[in-house]
Structures are given as structure tokens and as C-alpha cells.
Amino acid sequence: MSSVLSPVLSTYGWDGSWAQLALPHLDAGRLPGRVARVDRGRVDVLTEQGRVRAAPGRDTPPAVGDWVVLDPDARVTALLPRRTALTRAVASGRSEGQVLAANVDTVLVAVALEADLRPGRLERLLALAWESGAVPVVVLTKIDRADGDVLLAALADVAIAAPGVDVLPVSAVTGDGLAEVAAAARGTTVLVGPSGAGKSTLANALLGEAVMAVGEVRASDGKGRHTTVHRELVPLRGGGVLVDTPGLRAVGLHDAAEGIDRAFADVVALADGCRFADCAHEREPGCAVREAVTAGQLPARRWEAYRKLLREDEWAAARTDARLAAERRGQWKTITKNQRAAYRARGHR
Ligand SMILES: Nc1nc2c(ncn2[C@@H]2O[C@H](COP(=O)(O)OP(=O)(O)O)[C@@H](O)[C@H]2O)c(=O)[nH]1
Ligand SMILES: [Mg+2]
Ligand SMILES: [Zn+2]
């Protein structure tokens with residue numbers, strides 16, 4: 001079977017274990033491929049025979065980065081199990097969350113040097129990235145815009161908000177730091193961050209050509225306009241693929257307790273030193289977290305941010321539980337209704 005060892009597909013990340021997963025679905029005329037884009041109810045799939053605009057199929061909606069199998073009518077008939085998924089909560093409170101990108105290896109979190117660095121937003125994106133199962137890397141963009149002192153101050157701020165995460169300063173304009181970012185973009189890499197952070201410009205620099213639309217800077221406030229509308233997956237020349245995303249302004253976390261703990265590994269390590277194992281870090285004696293805040297070792301802002309994200313995540317989880325319970329009750333109601341109808345039918349016989 002040609003697609004098992006396809007050199008075309010391997011440029012999109014296809015390997016032996018994907019081939020194995022696809023094998024049971026590969027009847028005559030069926031094609032495996034990777035989802036490059038999802039829009040207006042259609043999915044663009046990169047296959048050995050080129051780009052196919054396909055119908056999504058009836059089950060799980062495919063996301064950018066998913067590996068799928070298409071039938072001869074260009075319909076998705078199988079979605080291969082995801083290795084990782086970058087997932088955010090959706091406003092409607094559906095229990096599944098929205099998959100922004102699937103099978104991601106590296107998440108580049110873009111932060112622009114020029115803007116005032118918002119550590120809370122960075123921490124949230126890092127929790128999202130860790131939770132996906134991919135490895136986050138912070139890219140501090142537009143370093144041509146400021147001098148050395150500003151850069152050093154920003155690097156120090158980022159280091160506090162991103163413990164254990166590599167931070168790569170880069171300018172897409174001068175090319176400084178670009179080689180390091182290219183080296184960090186291993187496997188399937190997704191660019192996330194607020195609109196105007198320079199994601200699409202960086203993507204184009206990494207791709208070596210203008211593939212992604214870049215925002216104009218508004219004269220009024222110097223901010224980039226929202227131009228990237230779709231998530232789009234593009235192969236990189238040196239191997240691997242890159243996914244550019246529209247700006248994520250308010251990203252809600254979805255079932256992300258583990259990701260939050262990884263993003264706040266320093267706080268978790270401190271809490272291990274509290275006298276009581278069940279310390280709520282409120283008024284207990286021997287609370288290592290509060291002591292660290294008082295001593296100025298842990299910024300109070302960061303401690304509050306951690307608690308806020310955990311509360312938000314718990315609240316979302318409770319909402320999901322309530323919804324699942326309601327769904328179960330609903331199912332039970334239909335079951336009992338059907339049963340009563342069956343009894344009645346029997347009685348009439
Ligand atoms: N000076 C400078 N400007 C940049 C750099 N990268 C992006 N920009 C500008 O920032 C604005 C927003 O960039 P864009 O790539 O669209 O940001 P996105 O919304 O994150 O995709 C555009 O006007 C870019 O020209 C950089 O490295 N240096
Ligand atoms: Mg963009
Ligand atoms: Zn404590």
C-alpha cells in the first residue's frame with residue numbers, strides 16, 4: 001500500500017504508527033490525509049494526491065492537525081486517535097471543549113516585546129499549552145523595537161511567568177533569533193498568542209515566504225489588526241509543519257488542572273513545603289506559600305493568578321458535571337418513557 005510509506009505524507013508528519021492506525025480504514029479508493037484547515041463546514045485535507053476539500057463526516061468534528069481517512073466521495077470516514085490536542089473551553093459550556101489544533105508537538109507562545117507584558121495572559125496560554133501534551137516555548141517577538149535594558153527587563157518578567165520554559169527572543173524584521181526559533185519548532189508546531197503579537201510575520205519568516213496574512217499596524221494605537229481568520233497548517237522546508245492561529249484574546253481553560261500545575265510548577269513545589277498536607281494556604285501555620293509571598297519570593301500577583309485559574313477550572317468542571325448529570329437524567333427519562341410505552345403496548349395486546 002503506497003500511502004503507508006508515503007514520502008508526501010511524511011512531510012506532513014505521517015509515520016509508521018499513523019499508518020498502522022489508518023490501515024483498518026484503508027479500503028479501496030480511500031485516502032489518508034492531514035487536516036490543514038477547517039472552514040464553512042468543510043475541511044481541507046492534505047493527501048498524497050494533493051489538497052482535497054472534503055465533507056467532515058458525522059462523528060467528531062475534525063480539527064486542524066487531525067489525521068483522517070477520506071472515502072472516494074471526499075467525505076471523512078475515520079478520524080485517527082489524537083496524540084495531543086490544544087483544547088479550549090467554549091462559551092456555550094459544551095462538555096467537550098473546542099480543539100484548536102490536534103497532534104501538536106510544540107506550542108510557540110508569542111509575546112510582543114513592545115506591549116506591556118501581561119503575565120496573566122502568558123500564564124493562561126502556558127497552562128493551555130502544557131495541558132495539550134505538547135511542549136511550550138515562549139517567543140518574545142519584535143525585539144528590534146526596544147533597546148537592551150527593555151529586553152532584559154522583559155526576559156526577567158517572562159522567566160517568572162514561565163518557569164522551566166525556554167524563552168526565545170526574536171525579530172522577524174532583522175532575523176535575530178530566527179534560527180533558534182526554527183530549531184525549536186520540532187514536529188507539529190502551533191503559534192498562539194494575542195492578535196498583533198507578530199505570529200503571522202514570524203510564520204512567514206520561518207516558512208521563507210509570505211504565506212500568512214500579516215496585519216497592518218493602526219496609526220492610532222500601534223496595534224496590529226486582526227487579519228489571521230483561520231487556523232492553517234503549512235509544511236516547513238526543514239521538516240515539520242507550522243500552524244498559525246488567529247489571536248486568542250480570552251481563552252477559557254478546559255479541564256486543565258494538570259496544565260495549570262505545570263505552568264505554576266514553582267508554586268506547586270512551594271506548597272509541598274507547607275506544614276499540613278491539606279493546607280489551604282489561608283490562615284494555617286507553617287504555610288510555605290504565604291511565607292514565600294511575604295518574603296517577596298513569590299509575587300502575590302502570581303499566587304492570585306494560580307488560584308484564579310484553578311477556581312475557573314473547577315467551576316467549568318462543575319458545570320460540565322451538572323450538564324452530564326442532566327443529560328443522563330434526560331436519557332433516563334426517555335428510557336422510562338419508552339418502557340411505559342412498551343408496557344402499554346403489551347397491555348393492549
Ligand atoms: N518591528 C517589528 N514589527 C513586527 C515584527 N513582527 C511583526 N511585526 C508587525 O506587527 C504587526 C502584527 O503582525 P502580525 O504578524 O500580523 O501579528 P499576528 O496578529 O500575531 O499574526 C504587523 O504590522 C507586523 O509588521 C517584528 O519582528 N518587528
Ligand atoms: Mg496573524
Ligand atoms: Zn500552605
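What you're looking at is a predicted model, so local features need pLDDT of at least 70 and side-chain atom pairs count only at pLDDT 80 or more, while totals for chains, interfaces and linings use all residues. Residues are numbered from 1 along each chain as its sequence is written, chains are lettered from A and ligands numbered from 1 in the order in which they are written, and side-chain values use heavy atoms, with hydrogens and water left out.

Now switch to cartoon view. You'll find ten helices and 13 strands; these are DSSP runs numbered from the N terminus, with helices (H or I) of at least four residues and strands (E) of at least two.

**Stop 1: the six-stranded sheet**

Select β8 to β13. They form an open sheet in the order β10-β9-β8-β11-β13-β12, with mixed pairing; two strands pair if DSSP finds at least two bridges between them. Which strands stand at the edges? They are β10 (167–169) and β12 (232–235), and each has a single partner strand, so one side of each is left without a neighbour in the sheet. From one strand to the next, the twist averages 25°. Angles like this run from 0 to 180 degrees between N-to-C directions, with axes fitted to C-alpha atoms (for helices, over the stretch in contact).

**Stop 2: two helices on the sheet**

Next, pick helix α3 (residues 119–132). It packs on the sheet and touches β8 (106–112), β9 (135–141) and β11, with its direction at about 175° to that of β8. Touching, or contact, means heavy atoms within 4.5 Å.

**Stop 3: zoom in on β13**

Strand β13 (residues 241–244) runs parallel to β11 (residues 188–192), and three bridges join them. Click Thr 189 and you'll see its bridge partner in β13, Leu 242; for Val 190, the partner is Val 243. On the β12 side, four bridges join two antiparallel strands, and here Val 234 stands opposite Leu 242.

Show the side chains of β13. In a regular strand, side chains alternate between the two faces of the sheet. Here, Val 241 and Val 243 point one way and Leu 242 and Asp 244 the other, and all are buried. Finally, look at the hairpin of β12 and β13: five residues lie between the strands, and Gly 239 takes a positive phi near 100°.

**Stop 4: two threonines**

Leaving out residues up to four places away in sequence, Thr 141 touches Ala 110, Val 111, Ala 112, Leu 113, Val 170 and Ala 197.

Now jump to Thr 77 in strand β5 (residues 76–79). With 34% relative accessibility, Thr 77 counts as partly exposed. Beyond its neighbours within four places in sequence, its contacts are Arg 30, Val 69, Leu 70 and Asp 71.

**Stop 5: ligand 1**

Last, select ligand 1. An oxygen atom of ligand 1 is 2.6 Å from a polar side-chain atom of Thr 201. Another stop is Gly 198, where a backbone N or O atom lies 3.0 Å from a ligand oxygen.

Terms used:
Buried < 20%, exposed > 50% of the residue type's maximum accessible area, 1.4 Å probe, protein only. Polar contact = N/O pair within 3.5 Å; in protein donor to acceptor, adjacent residues only side chain to side chain.
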